[in-house]
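Colleague: I'm new to this one. Could you put it up and walk me through what the labels rest on?

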Amino acid sequence: MAALSSCSARQRDTPNDQSDVDILVDFSDPEVMAACGFAEDSCWALGLKPDVRPAMWTSDKVVARAREEGAILA
């Protein structure tokens, strides 16, 4: 699966979260870091403070929540 899942930190109403947008990148291993870099650079270019991480480094619980509450961007 090649997708970006995004959930706004502000939308989740998490007052201690330091990011404007949280992005889980779900790409195959050879492409995941380039995809993370692209997502992060794109956010900064739009004036957003991102929290970008590979889905493979994230717990199943967090990935499930992102899929339920976030938006699939690809």
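Modeller: Let's start with a pair: the side chains of D26 and R67 meet in a salt bridge, 2.9 Å from N to O. Bear in mind that this is a predicted model, where local features need pLDDT of at least 70, side-chain atom pairs count only at pLDDT 80 or more, and totals for chains, interfaces and linings use all residues. Residues are numbered from 1 along each chain as its sequence is written, and side-chain values use heavy atoms, with hydrogens and water left out.

Colleague: Why are D26 and R67 called a salt bridge?

Modeller: The term asks for a side-chain nitrogen of Lys or Arg within 4 Å of a carboxyl oxygen of Asp or Glu. D26 and R67 have N and O 2.9 Å apart, so the pair qualifies. In general, side chains of opposite charge can pair when their charged atoms come close.

Colleague: Which parts of the chain does that pair link?

Modeller: Distant ones: D26 sits in strand β2 and R67 in helix α2 (residues 60-69), 41 residues apart. Helices (H or I, at least four residues) and strands (E, at least two) are DSSP runs, numbered from the N terminus.

Colleague: How many salt bridges does the structure hold?

Modeller: It holds 3. One of them joins R65 and E69, with 3.1 Å from N to O. R65 and E69 are 4 residues apart in helix α2, so about one helical turn separates them. R65, at 42% relative accessibility, is partly exposed, and E69, at 37%, is partly exposed too.

Colleague: What makes D51 and R53 a salt bridge?

Modeller: Again, the distance: the closest N and O atoms of D51 and R53 are 3.0 Å apart, and the cut-off is 4 Å. D51 is partly exposed at 26%, and R53 is partly exposed at 37%.

Colleague: Let's zoom out. What pattern does the chain follow?

Modeller: Along the sequence it reads β-β-α-β-α-β, with 2 helices and 4 strands. Of its 74 residues, 34% are buried.

Colleague: What do the contacts say about links along the sequence?

Modeller: A contact means heavy atoms within 4.5 Å. Among contacts between residues at least 6 apart in sequence, 58% join residues at least 24 apart.

Colleague: Now helix α1. How do you know what span to expect for α1?

Modeller: The expected span is 1.5 Å times one less than the number of residues. Helix α1 has 17 residues and reaches 25 Å from its first C-alpha to its last, close to the expected 24 Å.

Colleague: Which residues of α1 are buried?

Modeller: V32, A35, C36, A39 and C43. They cover an arc of only 105 degrees around the axis, which puts them on the same side of α1; the arc is that of the directions from the helix axis to the C-beta atoms. The cover over the buried residues of α1 includes β2 (21-26) and β3 (50-54). On the face turned away from that buried side, you'll find the exposed residues P30, A34, F38, D41 and A45.

Colleague: Why is V32 called buried?

Modeller: V32 has a relative accessible area of 2%, and the label needs under 20%, so V32 is buried. Leaving out residues up to four places away in sequence, V32 touches V25, F27, P54 and M56.

Technical notes:
Buried < 20%, exposed > 50% of the residue type's maximum accessible area, 1.4 Å probe, protein only.
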